[in-house]
Amino acid sequence: MRTLLFVLAAWFALPAHAIQVFATVPEWAALAKEIGGDKVNVFAATHGLQDPHHVEARPSLIARARRADLMIATGAELEVGWLPVVLRESGNVRVQPGQPGYFEAADHVRMLDVPARLDRADGDVHAAGNPHIQTDPRNILAVGKALSESLATIDAANAATYRAGFAAFAEKWRTALARWEKDAAPLKGQPVVVQHKSWTYLLDWLGMKEAAALEPKPGVEPSAAHLARLVEQTAASRPKLVLRAAYNNPRPAEWYSAQTRVPVAVLPFTVGGNEAAKDLFGLFDDTVRRLVEPLR
Amino acid sequence: MQRNSLWVASFSSLSLALAAPLAQADDLKALREEVAQLKKSYEERIAALEARIAQAESSPQKVSRGATPSGEATFNPAISLVLAGTYTRLSQDPEAYAIDGFVPSGGEVGPPRRSFGLGESELGIAANIDPTLRGQMTLALAPEGGADVEEAYIQTLALGGGATLKAGRFLSGIGYTNGQHAHAWDFADAPLAYKAMLGGQWKNDGVQAKWIAPTDLLVEMGVEAGAGGAFPTTDRNKNGNTVGALFAHVGGDAGDNASWRAGLSVLGTSPRDRQYDDVDSLGNDVTNTFTGKSRTWIADAVWKQDFGFDRKLIVQGEYFRRRESGTLAFDVDGANLADGYRAAQSGYYVQTVYQFMPRWRAGYRYDRLDSGEVSLGGTLNADDLPILAAYKPKRNSLMVDWSSSEFARLRLQFARDESRRDLIDRQLWLQYVVSLGAHGAHRY
Ligand SMILES: [Zn+2]
């Protein structure tokens, strides 16, 4: 009886009007927190060391989606393998596509790698373009602005707070952006090899060149023969780094690096990808540092 | 493109200049300087143009797309097709397959025919109907021709409050494996308990109401009512429902990298004149029927662990218990003797599948059934019902599968099937299952 009362008390003691936000990936969870502060109660479906391509419609996700006021997805089919099931099973009308409580980040940025043809023979291609938009900090700003408006719509009473929250975040972000761009200036024009096409937006931002990808097709694990061929093919372009996300299998990048002596940069990819990437600022501080340091 | 034409221009001016009669070395030097200047100015202009193009490209453009992760924004429904084929080697005749000790469930429970065989091709069509409803149909196309409506249902989207209603024909929410389409199973065929108790998989023509509690732990409860027809039910030709099911599932995460779900379900029905064929004590073919009550309980649990870098472990198991009581009519076309009948039968399977590297998985499954003793009233003798003589079928299965992508899987499975009394069926399956078309989302 006592425990029951305690549980009930804890239930009601939760911030009473906090908006329940369900983010599919950690970067949007972090962004919602930056904008909403204590007005939002944020849940992330995946953590920083999880592959966002392979998520399951886990029971906990259905339970969380059931109570969500706002669903933040990346879009561009990143969540196509699980989110539709979670949404249908949740029985929550507020976060169904088309409702104000459903938000897709990819709607608010310029998409890259939009395929000219759609054929699964080309691997895991996405009709709307490359979904890993969070690796360009300018996209974070664009998504944040739209997200603050979404929050203001579904929680009109606190609209001013969300707008002010975004304005404060945007100011800090622009200052940081100038710093990152200054620190990363030597990277301009440098060719790199990527493991998965996770870094299209990052490279676009910093003016770097993708010399090759270790994956023969997006989402297809590289074979030893393919890697051996790559070592030869990329010799001429003299890549400076091999980039992989913290969640990627380390073996392909390490093997390639051992053959070519091109150093590997393990980037956090999202918030929580490593110790330093505690929040969005930490994510890019650390990303820029890990790119610049090996080139010194 | 632009750069090329500019270069052509500069080269032609160069050649023109060279064509002029050369007089002195000074002239040549001046000419060289002029060309160099020309080149420089062109290069500057090109750089400026390129900068403008880059700027135009990077200015944000608002792209408006349908806000749906499944890409169903177009009015065309999502269409998907599953193709499957097998090659089997069986040490026993699949035509004579039976699960001894259990009333034959009439489903497609035996292994496929020997040698090469085409599996069922599955055509799925799904789309939102309007803001409140979604529709889905799955047609199973049998290799010998003909289509079977596997599923065809509508489902609410906008009821809210955690509630969802379904109507039509759909895979029941009971158990764990039951809700998954056969092509999503981790082994080539269903667990023995499903084959013996539910004819493979339970689906129903009826309605389902489901509710999810507003808690962080998943608590899901559902109720189904339907018309029956397939085993263990019979077509009753009466108003109201003939079969009812209740299910409850709880589930959640265990730390960052593990998740689980457990549940309890019950399927209740009152079959009338449910027929099956047997032979009597003299070896003559007879047809028997059962009329009475049938209740099947299922406890299910699944645990999934993610070790990172594409290494995953799934452990699952389900326990079935069925009680049937009523009247058994023996040899309805001949002797036609009726007697009281009571049976309590059970079965379970446990299986584990481990993805040990990207694309590769291995799995083991153990199946066990217990027919129990049938208790009869006194008119009939146990010898009259040879199929129902007590037996404990079991099966061991091993599988390895390889996926070229998430859309294609090639599987090798060995099974030592002791479903038949005193017979061991050594089975080898080689199976492919691929899906094309719309990228369907998968259930847990
Ligand atoms: Zn990707």
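This is a predicted model: local features need pLDDT of at least 70, side-chain atom pairs count only at pLDDT 80 or more; totals for chains, interfaces and linings use all residues.

- You'll find Asn249(A) in the loop that runs between β7 (241-245) and α9 (251-260) of chain A.
- Is Asn249(A) buried or exposed? Its relative accessibility is 15%, and since the cut-off for buried is under 20%, Asn249(A) counts as buried.
- A polar atom of the Asn249(A) side chain sits 3.1 Å from the backbone nitrogen of Arg251(A).

**Where chain A meets chain B**

- On this interface, 45 residues of chain A are in contact with 53 residues of chain B.
- Together the two chains bury about 4300 Å² between them, and 52% of that is on carbon and sulfur atoms.
- How many salt bridges are there between chain A and chain B? The count is six.
- Take Arg58(A) and Asp253(B), which form a salt bridge with their closest N and O atoms 3.0 Å apart.
- There are also 14 residue pairs in polar contact between chain A and chain B, counting pairs with both residues at pLDDT 80 or more.
- On the chain A side, α3, α4 (83-90) and β4 (102-104) each supply at least two residues that touch chain B.
- Which of these gives the most to that side? That would be α3(A), with seven residues.
- Sorted by class, the side of chain A that touches chain B has 21 nonpolar, 11 polar and 13 charged residues.

**A closer look at helix α3(A)**

- Helix α3 of chain A covers residues 59-67, and seven of its nine residues are buried, so the helix is largely enclosed by the rest of the structure.
- The buried residues in α3(A) are Pro59(A), Ser60(A), Leu61(A), Ile62(A), Ala63(A), Ala65(A) and Arg66(A).

**Two domains within chain A**

- Chain A splits into domain 1 (9-179) and domain 2 (184-295).
- Their contact takes 35 residues from domain 1 of chain A and 25 residues from domain 2 of chain A.

**What links the domains**

- Between domain 1 and domain 2 of chain A, the salt bridge count is three.
- Have a look at Arg179(A) and Asp285(A), whose side chains meet in a salt bridge at 2.8 Å, N to O.
- Polar contacts turn up here too: 13 residue pairs across the interface of the two domains of chain A, with both residues at pLDDT 80 or more.
- Which elements give two or more residues to the side of domain 1 of chain A that touches domain 2? They are α2 (26-36), α5 (137-154) and α6 (159-183) of chain A.
- The largest share of that side comes from α6(A), with six residues.
- By class, the residues of domain 1 of chain A that touch domain 2 divide into 15 nonpolar, nine polar and 11 charged.

Note on methods:
Residues are numbered from 1 along each chain as its sequence is written. Chains are lettered from A and ligands numbered from 1 in the order in which they are written. Side-chain values use heavy atoms; hydrogens and water are left out. Domain bounds come from an automatic or database domain assignment. Contact means heavy atoms within 4.5 Å. A salt bridge is a side-chain nitrogen of Lys or Arg within 4 Å of a carboxyl oxygen of Asp or Glu. A polar contact is a pair of N or O atoms within 3.5 Å; within protein, one must be able to donate a hydrogen and the other to accept it, and residues adjacent in sequence count only if both atoms are side-chain atoms. Helices (H or I, at least four residues) and strands (E, at least two) are DSSP runs, numbered from the N terminus. Ala, Val, Leu, Ile, Met, Phe, Trp, Tyr, Cys and Pro count as nonpolar, Asp, Glu, Lys and Arg as charged, and the others, Gly among them, as polar. Buried means under 20% relative accessible area, exposed over 50%, partly exposed in between (1.4 Å probe, protein chains only). Buried area is the accessible area (1.4 Å probe) that two parts lose on being put together, summed over both.
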